[in-house]
Amino acid sequence: MTAISPTPTSWDRPHRAAERMARAWSLAIAGTSYVSMNGLEVQDFLTSLSTRIIHALTAETFDPTDVREVGSTLVAAHFTEPTTLERSLAVLAEQFGNAPVKRVAQIQGALASGYALALRDRVLDEQEEIRTAALWARARAEEGRRVSEARFQAIFAGAAIGMSVSTIDGQVIEVNQALCDMLGYTAEELRAMSFDDFVLPEDPPTAGAMFDEVLSGGRDQFRIEKPYVHKDGHRVWTDLVASIIRDEDGRPRWLVAMFEDITERYLLQVRLRHQALHDPLTQLPNRTLFFERLNALLETEGEDDEARIGVCYLDVDGFKVINDTLGHDVGDQLLQTVARRLARSINGEHQLVARMGGDEFVVLVEQCEGIEDVVAVAEKALDTVRAPVHVGGHEISISASIGVVEQPLRGTSTGELMKAADTTLYWAKADGRNRLALFDAERHTREVKRYELSASMPAALERREFFVEYQPLVRLTDGVTIGVEALVRWRHPRFGVLGPDAFIGMAEETGLIVPLGRWVLHEACRQAAEWRRAVGDRAPIMSVNLAVRQMRDRTIVRDVRTILEQTGLPPAGLQLELTESAVMGTGGDPIEALNALAELGPRIAIDDFGTGYSNFAYLRNLPVHSLKLAGSFVAGLRPPERPDPVDQEIVAAVIGLAHTLKLSVTAEGVETAEQATRLRDLGCDTAQGWYYASSGPASAIKL
């Protein structure tokens with residue numbers, strides 16, 4: 001930095017000297033303070049200040065006022081950092097290095113003095129602004145607090161819902177008029193109360209825990225529906241919202257509660273729930289309430305090994321007839337009477353009577369000690385229902401059937417329990433009505449299996465799970481196999497191979513016996529035709545059973561004709577076995593079908609003869625070729641020492657009469673040589689049974 005020449009001629013051009021000084025000054029203080037001017041603007045600013053300082057340097061008499069203003073101007077322009085002043089003084093020393101030392105010192109002192117005074121005034125002004133702002137903010141806050149308190153008081157006093165403020169130890173300190181009106185107490189009376197005065201037995205079970213958790217600071221708010229007692233004694237149901245208010249340190253100080261009167265809504269809900277859970281005709285609990293009670297019982301006590309439960313499922317016998325003959329009005333009155341009687345007679349603490357629908361009622365017996373407890377309830381219900389009912393000018397004698405189930409709660413499900421009760425009720429109906437039936441797990445298992453088989457039979461037929469085995473029919477005089485009987489089997493994927501006794505009855509009930517029998521007939525005829533092609537006339541006659549339902553099917557004659565044509569089996573190679581009930585003692589279509597079948601050419605045999613009508617007079621008019629004696633008669637010939645003389649005489653008589661009618665006789669169920677010998681001696685023509693061979697595949701038949 002170049003010093004100003006001390007010669008008087010150096011100040012002849014003060015403007016240039018000021019520009020030189022400003023350039024040096026701006027470089028020295030650059031970055032020392034944060035100002036809103038760029039570099040050129042700073043240099044122009046400092047040029048004007050430098051001009052004033054040079055004027056003070058060259059003046060005859062030194063006046064510090066102007067130099068002090070330079071210092072204050074720096075502060076006003078926000079050059080307020082101490083480094084700025086330090087470097088500014090250094091620039092003066094360098095620029096005025098050849099000037100009189102005293103004058104330079106005076107200028108530096110005046111600049112520093114003006115700078116310091118301006119900086120002090122600036123700090124004082126800022127402090128005053130801060131103090132003024134703080135006072136203003138405090139005034140605003142105080143005003144806001146007063147407004148807020150006034151607003152809260154207005155809201156608190158004029159709110160349509162009840163409000164209270166309490167201490168955390170439960171003492172009420174403030175209430176509004178709405179709460180006083182809601183509960184019928186004055187504000188003074190309510191302020192004299194505590195939380196304990198408002199505890200009621202009807203309170204929700206979780207209410208106490210919620211209050212404790214809020215008062216301890218564990219939660220800030222909760223909401224429940226809670227009843228209170230009006231001063232006159234009636235219940236007021238409220239929607240209660242309670243919130244905790246904390247102090248500056250976060251500690252719970254007050255509890256603010258808001259109460260909305262929901263009594264009308266609550267009573268409406270109670271009425272609606274009663275309607276939803278009770279039968280409108282009898283006013284008994286309905287199936288929904290029954291299952292709610294049962295499910296709750298299973299959930300709460302289902303793990304108790306000792307707990308037991310009982311169900312009585314009741315159905316009014318013959319109710320449909322009463323409804324259809326005397327009218328639905330009489331039927332409804334009858335159900336109402338039965339319901340009242342059951343409700344009066346079965347009203348124990350742990351017993352629930354409900355209407356399941358229609359004429360069905362159910363009794364739930366909780367905490368029973370055994371089956372005897374449930375049976376006692378069922379017998380009381382039977383006696384109650386049996387009493388004559390006077391309805392609409394009629395005296396009606398009724399009865400009921402009841403299914404009784406009693407079992408441990410542990411491991412019991414609602415579905416299984418009610419399925420067992422429904423099944424047992426069906427047993428009581430099937431056993432003759434006006435009685436009770438006890439649940440039998442083994443019988444139920446059999447019936448469930450029977451149902452599963454019945455339901456899966458159509459698909460099993462499509463999947464070809466059925467197959468045919470053959471049992472020889474042996475001529476007794478020489479032991480030659482002259483025929484075979486086709487016996488259907490079911491290779492079930494779950495239960496294994498099943499004989500016809502396991503599924504033929506179900507097939508007849510469901511009607512599946514028609515397509516199943518058609519398939520068996522086709523399969524048997526196909527096999528017989530194959531044997532005939534292999535050995536000619538030595539092939540055995542194929543004997544196939546026809547069920548009663550098949551004989552009553554209009555397509556039976558056409559089906560037999562079609563199958564014979566498709567397989568190529570001559571009609572003489574086929575024997576159709578029919579039970580007595582299919583053709584004897586009936587007329588119409590079955591007899592016409594039997595005659596039409598006989599005209600086709602197959603032999604006709606009566607199966608299980610002796611277990612049905614056994615009417616020889618009727619039999620002589622039918623196109624029958626053979627009788628098959630039921631195995632029960634043949635069993636009497638089994639003992640080697642002393643066969644049953646009655647069975648022997650019956651068999652001899654049947655064989656004799658059959659031969660008189662030109663009918664051959666086949667004995668079923670031959671299991672011993674003694675039976676075979678006696679049958680041969682009695683003149684029986686053919687026999688079949690385990691003594692000769694059990695049923696087996698076609699390959700096991702010796703041709």
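**Exercise 1. Find the order of the strands in the open sheet with antiparallel pairing, and say which strands stand at its edges.**

*Solution.* Start with the order: 5 strands form an open sheet, running β2-β1-β5-β4-β3, and the pairing is antiparallel. Two terms need their meaning here. Strands (E, at least two residues) and helices (H or I, at least four) are DSSP runs, numbered from the N terminus. Two strands pair if DSSP finds at least two bridges between them.

Next, look at the ends of that order. β2 (172-175) and β3 each have a single partner strand, so one side of each is left without a neighbour in the sheet. From one strand to the next, the twist averages 25 degrees. Axes here are lines fitted to C-alpha atoms, for helices over the stretch in contact, and angles run from 0 to 180 degrees between N-to-C directions.

Now zoom in on one pair. Strand β4 (residues 235-246) and strand β5 (residues 252-261) are antiparallel and share 9 bridges. S243 stands opposite V256 in β5.

Contact means heavy atoms within 4.5 Å.

A note before you go on: this is a predicted model, where local features need pLDDT of at least 70 and side-chain atom pairs count only at pLDDT 80 or more, while totals for chains, interfaces and linings use all residues. Residues are numbered from 1 along each chain as its sequence is written, and side-chain values use heavy atoms, with hydrogens and water left out.

**Exercise 2. Work out why the pair of F198 and Y228 is edge-to-face.**

*Solution.* First, the rule: rings of Phe, Tyr and Trp (its six-membered ring) pair if their centres lie within 6.5 Å; planes under 30 degrees apart count as stacked, over 60 as edge-to-face and the rest as tilted. The structure holds 11 aromatic pairs. For F198 and Y228, the ring centres are 5.6 Å apart and the planes meet at 70 degrees, so the pair is edge-to-face.

Then place the two residues. F198 lies in the loop between α7 (187-191) and α8 (207-215), while Y228 belongs to strand β3 (residues 221-229), so the pair ties together parts that are 30 residues apart in sequence. F198 is buried, at a relative accessible area of 16%, and Y228 is buried too, at 6%. Buried means under 20% relative accessible area, exposed over 50%, and partly exposed in between (1.4 Å probe, protein chains only). F198, Y228 and F259 form one aromatic cluster.

**Exercise 3. Which residues of helix α11 are buried, and which are exposed on its other side?**

*Solution.* Begin with the covered side: in helix α11 (residues 319-326), F319, I322 and N323 are buried. They cover an arc of only 95 degrees around the axis, which puts them on the same side of α11. The arc is that of the directions from the helix axis to the C-beta atoms.

The buried residues of α11 pack against β6 (308-316), α12 (328-345) and β10 (394-396). After α11 comes G327, whose phi is positive, near 105 degrees.

**Exercise 4. Describe the open sheet with mixed pairing.**

*Solution.* Its 5 strands have the order β7-β8-β6-β11-β12. The edge strands are β7 (351-357) and β12 (436-438), each pairing on one side only.
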